[in-house]
Amino acid sequence: MGELDELITKLLKERLGEDAELAIKLYTAYKERGRRGVLEVINEVLREVGVEVSMGED
Amino acid sequence: MRIRIKELVIRDFRGFSNERRITFGDGINVIHGPVGSGKTSIIQAIEYALYGTQLEVKERISKLVDLINEEADEMTIRLTLSDGSSVTRALRRSGDSARETVRAIIDSVVIKGEDADRRIIELLGIDDDDFERFVLVTHRTLEALVYGSIVRRSILIDKLFGLEILDNLNKSLPMTQIERLITELRQRLASIKELPEITSKYGSIERAREKMSELRAEIDRLRGEEEELSKAYNELLLKRNESLKGLRGVEEVYSNYIATRLRREGIEEELSKANVRDINETSIRLRLERLRDALIERLEEFALVKDAEELEKLVITNDNLADALERLYTAFENLVKLRDKLTEDKDYLGRVRQDLELQAESEKASLRELEGRLAQEEGRVREYRDLVSKYGEPERIRRELEELRAKLEKINAEEGFRSSLLNVLQYILTTHTDKCPVCGKPLSDEDYETISRRIKELSSKEGMESIDNIRDRINELEKVLMRVESLRAIVDDYEATVERAREVKSRLEALITRLETIDSSIRDLDKRIQTLMRFINEFRDEIDDVDKAISYLKKYRELEKLRAQEDELKKQLASLGLDTNTVVKLEDDIKYISDKLTQVRNKLSEDSAELSRLELILSRVGLDKEDPSTLRRRLDFLEEFYNKLGRIRAGIRDVQARVRDEMIKLVRDNVGPIFKTLYPYEDLEGAGIEVTVRDRGVVGVVSEYTLYAFRPGGRKVTVSRLSDGQRLTIALSFLLSVYRATNHNIDFLLMDEPIPYVDQNIRRAFASLLVRLIKEGLVGQVIITTQSEDLRNDVVNAARDAGINCRVVRLVKEGNERKIVQEP
């Protein structure tokens, strides 16, 4: 993880409290796998209630 | 060790078929060739070698398969770095896509797959995003920094600061999709919720469906009717216009007449509905006087003397009915306020009573507990008292015991002496000795008689009985004393408890007395409030009725005026040649059609709404197999998740602002010294950057950056007022300040056609900047591509003049073939 990532992660934790975990997960996913990564993380959460978002839509 | 590029070997990469090799040196490496000769491909090959599939993930290339030469099924790249590490990537065509294999040698260890990707990033100290930000420099970067609009420049600087990623992350969040899911769930739930209502309203789903068909037919019919009525209405309006045409001055009178008539009819209808036939001032005055007297009586009863006195002065006449009513209302409101105040007092006393009741309950509970304890100990207390009355107080028992013990001791001593003497005398008598064995005195017969008598005396049991009696008494008293002493503590506690019970009882009695007083006050207040309430309700009904009567009276008087006015206007119309009967008939028709049209439109609107509702609800019948509670849970979850993403979006925006501040701080410290190193002249002595946050309405809050240089003395000069060379120096200083603000192991810059289509001055300034970059040790290696032979020559000449190492790689395009020529 680069310095900028560390700074962003730290600031997200400070700013978002309980929501920071998901925010950091989304940030890391975006860094690693782009938009697809973000949607994968979101679908992992949404799977709990049996829905998902499509990869091809906005 | 800081990393530079040593060698690139490509096979069947993009336009390059077969194997090609480029060796790079420290200093400047110029890759020169015409358009389409593959200069950008060389830069891309280096980037791909380092970061592989990330280029596709981040959409920097559309498909990996595009990197394979059109004539080949696979391609290979091997990049060797200055520390001896190397990375080899191969792509094999597989349908429309490509499969990648990667192999790296770092510190002489072979690593493959994802581990290789991770280790390369660790080795360089930056990932692909950072690489794109400040290692890869294109003409777009430089242009946007110093030639572009403020918006373009700001977007680029945000990208250089790494803020674009946060923007893109926010844009990637599928808010619209989740919103759609929420809306759909809401509709499904609404449908499920309303279905029972529909069934109960229409009897069954089939009947509801029939109703839909009926509604459609009814709506069609109503639309037809509406059209006909509209037509008729317009025709009547035309007819009215026709009848007025040609009659000069009639329009105003006509309008007045119609308005007066409508107003008169309206009032008549209102009065008729209210059943007002005849109304006059006197009857209202009499009612107001009765109200005034009743109110005065109540005000006096409730000690509102001032208000009562004020009202007594009120003289009601037929002309001041409204004023009088107002004054009665004012005084009456004071009585209402008093009722509110009394109610508040009663509530307060109620609360106090509640507190006291709680206290009394608590005291009662304490008393019960104390009485319980007393009852429990009563037996032992009685025993103690019986013992004391029989044996006296413990002190006395103790004294008697001491006396008895002393007495016993004395008697015991006497008894010992008697017993010894008896033994001696019995011995003398038994042995019949001549002499006394104790004193040696000769014993006579007389002595023996004395001895026999004495033995008889001494053998009496009297002394022993006395000892037994004393011992019995001592034993008894000791037992009693022990018992009395053990009971004493209980008795003390009992007496303290009695005292406490007495105190609690006294407090309880005081509380009960207070409660009784409060109860009495509450009853009294309640009585007063009830009296007042009854009066207020009756009085309000009456005064409101009088108020209404006064309002009707006004209307009644207005009606009389309107009738007179209408007659007058009718005469005027007749004198102007207009038949009022025709007018009235026409207006009646217009009004009738207008009312009918309104009715039809209302019905149309109702039916359309019901039809839409039925269509929505019935469209989902049979589709939902899921339990409504599952849907509800899903909806709650999605709503919460949507809100969470919203919070995250806002948080990311805030974080972006804070990262920007941090980056600005870092860059500001670097940009000045770097500028001074790169710019050897004295007309400018530094550079800086500023950010301004602006609210651009619908676009939102944006950050605008300003790059500037300092004149000697500190005056700021914005880039737009600088020469091309000065602008380029600022741009490069800024890029390098970002490059140096981050810790990494890279010691090279890749410049892909950084200044196309520029004049000689800019070219030379840029060439000398590159040389200075290397010479001042800001970067160890620059790889630059250009199609400009002039720039190539300028860079080569500047490097030669400064004694800097410079290599030229020439790319040649022959038909579809691309060749690499490494110049000596």
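These legends walk you through a few close-up views of a predicted model.

**View 1. Overall confidence in the predicted complex.**
Before zooming in, here are the scores for the model. The predictor assigns the complex an ipTM of 0.97, alongside a pTM of 0.50. For chain B the average pLDDT is 88, and 98% of the residues score at least 70. Where pLDDT is low, the predicted coordinates should not be read in detail.

**View 2. The largest pocket, lined by residues of chains A and B.**
This pocket holds about 1,100 Å³ of space. Its lining counts 38 residues, and those closest to the centre are A:Lys31, A:Glu32, B:Gln54, B:Ile121 and B:Asp128. From chain A, α1 (3–16) and α2 (20–46) each supply at least two lining residues. Chain B does likewise through α1 (39–51), α2 (54–57), β6 (97–106), α3 (113–124) and α4 (128–135). The element that gives the most is α2(A), with 9 residues. By residue type, the lining of the largest pocket splits into 18 charged, 10 polar and 10 nonpolar.

**View 3. The second largest pocket, with elements of chain B in its lining.**
Here the volume is about 790 Å³. Among the 35 residues that line this pocket, B:Thr40, B:Leu136, B:Thr138, B:Arg140 and B:Asp752 lie nearest its centre. Two or more lining residues come from each of α1, α4, β8 (136–138), α5 (139–146) and α6 (150–160) of chain B. With 6 residues, α1(B) gives the most to the lining of the second largest pocket. The lining of this pocket is made up of 13 charged, 11 polar and 11 nonpolar residues.

**View 4. Helix α7 packed with helix α18 in chain B.**
Look for α7 (residues 163–172) and α18 (residues 628–678), whose axes lie 10 Å apart at an angle of about 175°. Because of that angle, α7(B) is roughly antiparallel to α18(B). On the α7(B) side, the contact is made by B:Leu163, B:Leu166, B:Asp167, B:Leu169 and B:Asn170. On the α18(B) side, B:Arg649, B:Ile652, B:Arg653, B:Val655, B:Gln656, B:Val659 and B:Arg660 take part. Sorted by type, the residues of the contact between α7(B) and α18(B) are 6 nonpolar, 4 charged and 2 polar.

How values were computed:
Residues numbered from 1 in each chain as written. Chains lettered and ligands numbered in written order. Predicted model: local features only at pLDDT ≥ 70, side-chain atom pairs only at ≥ 80, totals over all residues. Heavy atoms only, no water. 1 Å grid on protein atoms, 1.4 Å probe; cavity = no way out; pocket = protein on both sides within 12 Å on 5 of 7 lines; lining within 4 Å. Points joined across faces, edges and corners; volume = space filled by probe spheres on them. Helix = DSSP H or I, 4+ residues; strand = E, 2+ residues; numbered from the N terminus. Nonpolar A, V, L, I, M, F, W, Y, C, P; charged D, E, K, R; others polar. Axes fitted to C-alpha atoms, helices over the stretch in contact; angles between N-to-C directions. Parallel < 35°, antiparallel > 145°, perpendicular 65-115°, else oblique. Contact = heavy atoms within 4.5 Å. pLDDT = per-residue confidence, 0-100.
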